[in-house]
Amino acid sequence: MHRRDFLWLLSCAGSAGLLTGCMRGTVRGDPYEASPFGNVRLLHFTDCHAQLLPIYFREPNVNIGIAGAAGRPPHLVGRHLLEYIGAATGSSDAHAFTYLDFAAAAEQFGKVGGFAHLKTLIDSQRDEAGKGNSLLLDGGDTWQGSATALWTRGRDMVYACNLLGVDIMTGHWEFTYRDDEVLQNIERFDGEFIAQNVRVTEDALFDGVAAYDEDSGHAFKPYTIREVGGRRVAVIGQAFPYTPIANPRRFIPDWTFGIRDDDMQELVDRVRENEKVDAVIVLSHNGMDVDVKMASRVNGIDAILGGHTHDGVPHPLIIENAGGKTLVTNAGSNGKFLAVLDLDIGNGKVNDYRYRLLPVFANLLPADSAMQAYIDDVRRPYLDKLQEPLAVAESLLYRRGNFNGTFDQVICDALREVRGADISLSPGFRWGTSVLPGDTITMERVMDQTAMTYPETYVRDMSGAEIKTILESVADNLFHTDPYLQQGGDMVRVGGLNFSCDPTASMDYRIADLTLDDGRTLDAGKKYKVAGWATTGAESPGEPVWEVLAEYLRAKKTIRVDKLNTPVLKNVAGNAGLADYSGALE
Amino acid sequence: MKVHRRLVLKGMLALSAIAAWPRLLLAARPDSAFSASDADKAIADLFGQTPLDSEQVKMKIPDIAENGAVVPVTVSTDLENVESISIVVVNNPTPLAAVFLLTPRSIPSVSVRIKMGQTSQVRALVNAGGNLYSTSKDVKVTIGGCGG
Amino acid sequence: MGKPIKIRAKVKGDISEVKALMPHDMESGLRRDAETNELIPAHYITELVAEHNGEIVMTAYWGPAVSRNPYVSFSFTGGVAGDTIKIHWEDNQGDSSTTEAVLK
């Protein structure tokens with residue numbers, strides 16, 4: 001489709017214009033163009049999960065906020081979110097930010113993201129700002145999520161980011177490669193990799209393991225100062241604080257993480273005192289609720305540009321703290337959005353700002369030819385493998401959501417059937433692209449759901465009590481009222497098992513009514529055969545999950561998801577983070 | 001006026017410190033406090049008094065332990081005349097983990113790594129000028145979830 | 001004899017910071033052997049003394065909840081580069097270890 005046709009389509013779709021309400025001074029006709037504003041432009045993308053090509057990505061219909069997070073972004077889904085952004089049903093904004101009528105809207109508006117298209121948008125935004133007046137920030141989860149990223153150990157993404165012109169990044173899934181591979185990739189990266197909250201362990205320091213600063217123990221440079229638009233901007237890195245808990249510690253045994261907000265405060269104070277900066281920005285992979293809490297506790301940060309939780313949040317939240325106000329943003333995932341923060345700064349402070357979260361509609365942005373050529377080159381050796389057709393989707397396949405997604409149900413069904421288990425468990429990752437009904441599920445789409453460095457499957461006997469403990473523990477990581485005790489993933493997906501969940505209850509009291517698919521009650525003392533993958537402890541012995549999934553898909557040929565093992569939810573009816581729920585509400 | 005008042009206060013603190021010194025200058029390891037299975041009993045056994053919550057006692061410890069077997073903790077304070085710093089893990093089988101006796105030349109800040117069998121409150125106690133001050137924090141020990 | 005203690009001691013201005021790592025199993029006495037299922041006897045450091053030029057600057061009493069291969073750091077005033085730092089520990093089975101290092 002040509003760009004002009006797409007613009008026509010946008011007007012036909014009844015949209016009041018892309019990014020209604022958050023884009024002032026837009027020149028009608030080109031939704032990406034904006035009037036001049038301020039003196040510094042910060043471009044931010046995050047959690048692209050190595051998606052070099054345009055893809056489909058369905059936003060969640062379940063993203064429940066508990067306690068202080070209830071009813072505010074990012075815990076607004078569907079119509080609640082439409083209302084918040086003031087977008088019309090059926091508009092391009094509605095499609096970009098919500099799951100509503102997803103399959104039909106995806107056909108209409110086409111794929112999103114893709115580095116060649118993102119490159120075109122970034123270049124035009126940087127041209128608009130003028131030479132030397134912008135920075136491109138990458139919030140991390142860049143080197144993982146696709147087959148080619150896994151097979152090149154993240155290298156394909158490092159070079160793609162160099163072509164994209166990324167100035168500064170931080171990380172999370174980057175740390176799921178071995179530490180020496182992480183350091184090699186950082187060497188290859190033309191920008192700076194920063195993280196104030198990653199330290200070399202004391203044991204490793206005694207053993208002479210390299211640190212950015214041996215006295216402080218910082219494993220990486222904690223912050224950087226850049227001259228932009230004649231102003232001085234500090235950017236502090238905040239990697240995902242719970243990497244060694246949520247992902248295997250064995251790949252990065254010498255590094256220790258944590259939120260370290262007291263260290264953040266000391267750093268912000270020191271930077272403000274010694275570096276004569278006009279703005280302090282945190283490039284964060286905390287997750288949005290953690291960022292909101294950190295912004296309330298740490299003074300002196302002008303904006304936290306956030307990621308990890310994959311929330312496409314159109315406006316910054318403005319969080320008050322003892323020192324003033326801090327903007328908190330979250331810029332979605334999978335290359336679907338580019339955030340543009342225009343700042344008017346000087347004399348050590350921010351006078352004004354403008355924020356836009358631009359959806360990257362591939363049809364609207366011609367591919368940058370150099371980036372496209374690079375992507376084609378990177379993919380060429382793997383094309384046969386990537387393009388192997390495995391089955392045809394009869395249902396919309398997606399992952400994202402607090403509880404089960406249809407693609408995860410397929411993974412859970414495959415694990416049970418291929419590995420002969422009563423129950424299957426699959427982690428609640430937030431990455432993974434969507435497949436439209438009628439489309440072919442290729443190996444590439446399977447790898448989008450599974451490409452990672454610890455894909456091994458297991459089958460083991462677990463008691464009913466152990467299974468409940470796992471569910472309780474993961475639910476607590478998702479629904480704890482204190483965001484610092486959340487890890488930003490979604491609930492573990494289950495196959496062959498049904499349960500109820502009260503997100504508002506406390507640890508050990510959320511999960512109840514466990515039954516098998518045949519209706520039998522789960523017996524706490526009885527052992528069940530459980531299949532799963534992605535163990536964070538020791539490496540599991542089984543074949544990689546993509547092999548299990550591919551074998552299942554090849555045999556099935558067509559895939560329809562009729563039953564989702566999604567829990568009966570208690571005490572959250574009416575929550576603005578819940579809509580069109582496929583399970584029961586009590 | 002202010003100067004005088006400060007001097008008087010300082011003098012009183014010094015006096016009380018001297019009065020309390022024999023109890024705090026542990027000549028040997030306080031074995032009974034280390035074997036107590038209840039946190040309050042261990043603290044009572046060690047100090048003979050209950051601690052006062054104080055913002056002047058600072059504890060750096062993770063919100064979620066990366067590994068329950070190795071939880072780094074740093075306790076520091078801007079209180080003066082600090083005689084000891086102690087760490088108690090309430091839900092451990094024997095809650096008293098460590099006692100550090102400082103000297104007048106010490107900077108009142110110590111770091112150590114402790115084991116936690118399960119999610120627990122961790123208390124830091126500072127004995128200064130004959131009084132006992134504390135702060136506490138809940139630390140979660142988890143099997144881990146899934147990354148975003 | 002216990003294993004030697006790794007010590008790093010640095011002076012900055014008037015403050016000397018000592019970091020020490022002590023290879024030691026720190027068995028709590030509550031763990032069971034994976035094969036025999038027998039309780040592994042408690043074996044842990046109970047007392048630690050740090051000296052600067054022969055004067056005690058810190059004493060620590062520990063229980064079994066201090067982590068395996070204990071790490072400790074502490075600071076004191078009045079040291080200068082070249083001074084001697086000595087750390088000595090004793091454990092519940094009568095083992096001990098003493099290591100000296102130079103303040104840098």
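Predicted model: local features only at pLDDT ≥ 70, side-chain atom pairs only at ≥ 80, totals over all residues.
Q: How many helices and how many strands are there in chain C?
A: Residues are numbered from 1 along each chain as its sequence is written, with chains lettered from A and ligands numbered from 1 in the order in which they are written. Helices are DSSP runs of H or I with at least four residues, strands are runs of E with at least two, and both are numbered from the N terminus. The elements of chain C run β-β-β-β-β-β-β from the N terminus on, and the count is zero helices and seven strands.

Q: What percentage of the 104 residues of chain C count as buried?
A: Buried means under 20% relative accessible area, exposed means over 50%, and partly exposed lies in between (1.4 Å probe, protein chains only). The C-alpha trace of chain C spans about 55 × 20 × 20 Å along its principal axes. Of its 104 residues, the buried share is 50%.

Q: What share of the contacts in chain B with a separation of 6 or more comes from residues 24 or more positions apart?
A: Chain B has three helices and eight strands, in the order α-α-α-β-β-β-β-β-β-β-β along the sequence. A contact means heavy atoms within 4.5 Å. With that cut-off, the share for residues 24 or more positions apart is 63%.

Q: Which residue of chain C is in contact with B:Pro93?
A: B:Pro93 sits in the loop between strand 4 (82–89) and strand 5 (96–101) of chain B, and it counts as exposed because its relative accessibility is 52%. Leaving aside neighbours within four places in sequence, its contacts in chain B are B:Ala36 and B:Ser37. The partner from chain C is C:Leu30.

Q: How far apart are the closest N and O atoms of A:Arg226 and A:Asp167?
A: A salt bridge here is a side-chain nitrogen of Lys or Arg within 4 Å of a carboxyl oxygen of Asp or Glu. A:Asp167 is buried, since its relative accessibility is 17%, and its side chain also meets that of A:Arg126 in a salt bridge (2.9 Å, N to O). A:Arg226 lies in strand 6 (residues 223–228) and A:Asp167 in the loop between helix 7 and strand 3 of chain A, so their pair ties together parts 59 residues apart in sequence. For A:Arg226 and A:Asp167, the closest N and O atoms are separated by 3.9 Å.

Q: Is A:Asp263 buried or exposed?
A: The side chains of A:Asp263 and A:Arg260 meet in a salt bridge (3.7 Å, N to O). A:Arg260 is partly exposed, with a relative accessible area of 22%. A:Asp263 has a relative accessible area of 10%, so it is buried.

Q: How many residues apart along the chain are A:Ala421 and A:Gly495?
A: A:Ala421 belongs to the loop between helix 15 (406–419) and strand 16 (423–428) of chain A, and it is buried because its relative accessible area is 10%. Not counting residues up to four places away in sequence, it touches A:Arg416, A:Lys529, A:Val530 and A:Ala531. Its C-alpha atom is 9.5 Å from that of A:Gly495, and their separation along the chain is 74 residues.

Technical notes:
Heavy atoms only, no water.
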